[in-house]
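Reader: Please take me through selected features of the structure shown below, with the criteria behind each term.

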Amino acid sequence: LKNNLGLAIVCKPNNDVLPAYGEVAITVTAYNDICGKFEDYLVSEIEGLPPFKIPVSVSISGSPLVVAPNQGNVSYKQDPPVLLMGNTIANGPATSKSVKLFNSGPKNISLEFKIFDYDDIKKRDGDIFNISIRQSTLTNSEDLVFLDWDAIEPEESATGVFSVFPKLVNVPGRKSASVTVNFQSTEVKESHAVLVAKPRMDSKDGEDTPNLGLLAVGVRGSTLKPRLTIDKLAHMDGKQYLAFEAWSISGGPSPEKKFSISNTTSAAISFSLSMDGPFKLTYTKNSGDKHPLQKGLKQIQTMFTMVPEDTLEVGVKFTPPNPKDLDEWPDVPLVEKTGTLTVNYANRDMQHLHLRGKLSKPKIALSVTDDDNDKGADEQDFGVAHVEKPNQPMRISLCNRSHVNARWLLNYVKFPVKKTLGHRTLSAAEQENLEKTDDPDVFEFSVADGILSGPTIPLRKIPQDKHLANKHASEEDLNRLPQYVYVTFRPKKNILYKSKFKFTVEGGNSCDLVLKGRGTYEEMGDV
């Protein structure tokens, strides 16, 4: 076959001795790497006789052009073989795969490819075959005829999800060539098509062109909706949240949290991360290569292409406003700031992780009873007390209504001096303020500062009576008990004392407490 004629005839044996009145069997074997009809002669040369020619005629069908074997993206289990385009993102960038063709013959073969989408074929209207009738040559009877069925070629898919490049291919003899198929779809579905070409072998003038039949390659691809898996449970509203908390004082929760994003689909997904609100990306890391647009950059990577089963670690930090900025952080126990981490896919779809940042301030409240709803704790009256025998100390419960540690400090606040225009128009409280003596020394506090953990246990849930069952409190409960402040009234003279105190809290609200009482020299029984 080295002569590139496409046919080789081998005789075995090709020389021998023919005995008198004898016979020699010669086996003739034809080898080919091309198709067509071949005619030639075998010449027998016998010593002493003229050459003897034996005519040889060989008809070879089929095609030397095949889909090259051992291609990883081609399935050979079907007929015709199927080019597997894999999975890609709907409405995303096109994916491309190539299929290699091999020409085992010596002559060049040219092809013009057409692609037919199965969906278009299913919607095809009209006849599929041309049917013709011809008279039989086997008999002279007119009752016997032949029906010829000629398939009608459908129109090529012009707007399908598959396209081929190049459409015109030339495969040199004993060499290979490749064609590329592009796949892109706006719908989430599985798509099928067939790539068809009619090979034509180069021939010299006057030579018959052999019929090489059709070359067909199936094409299959799937599209899916891009969706990454974020390791956060969805709430009742179907949304995923990442919660942060910031305290107005030091020692609060960590402002940074990490989570992971995984690609659990069967397609590679390209995307970028963006963020709004008082949050920022602090860390991204995955096992794959950097996105081509971010190679060489030292900034935090925000563009990724994740293959199936790949995982991305992400760090997000909550940046709360200054607690002194009352416009951004009002003087209330709890304020919420929101933001969104957005996954921007290459096909312009989006996926959101909702960010919540809670701004917490400590909030304390005072109570002089065992009821948390006591509203009259801002002013307390000791009544009348002997200057040498003070009354029973008053217990004030200091409660923390938040879960932020409250660092509190007791301060004396001087009553402001008010001018009086006339006594007839004074109220009872104003008259009392004119008569009072503002001396904070007569009120003794058992404790004047501290740190109160919260939220404190409600007062009405703390057992106070001995007959109640003894319950072993946990260490956490013991740390959340109210702060009891005992105040003793020690008057110096038989006058009305009234002073104002303020429980100031670092980074939180303050509470005012007004204490009053009247001293006397008389024994309490006489009073």
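Reader: Which strands each supply at least two residues of the nonpolar patch?

Author: This is a predicted model, in which local features need pLDDT of at least 70 and side-chain atom pairs pLDDT 80 or more, while totals for chains, interfaces and linings use all residues. Residues are numbered from 1 along each chain as its sequence is written, and side-chain values use heavy atoms, without hydrogens and water. Strands are DSSP runs of E with at least two residues, and helices are runs of H or I with at least four, numbered from the N terminus. Those supplying at least two patch residues each are E10 (129-135) and E11 (145-151).

Reader: Is Ile133 buried or exposed?

Author: Ile133 lies in strand E10. Buried means under 20% relative accessible area and exposed over 50%, with partly exposed in between (1.4 Å probe, protein chains only). At a relative accessible area of 64%, Ile133 is therefore exposed.

Reader: What is the strand order of the open sheet of 5 strands?

Author: Two strands pair if DSSP finds at least two bridges between them. Pairing in this sheet is mixed, and the order is E28-E35-E34-E30-E32.

Reader: Which strands stand at the edges of this sheet?

Author: An edge strand here has a single partner strand, so one side is left without a neighbour in the sheet. The strands in this position are E28 (379-386) and E32 (449-452).

Reader: Which residue in E35 stands opposite Asp381?

Author: E28 and E35 (residues 511-520) pair in the parallel sense over 6 bridges. Opposite Asp381, the residue in E35 is Lys516.
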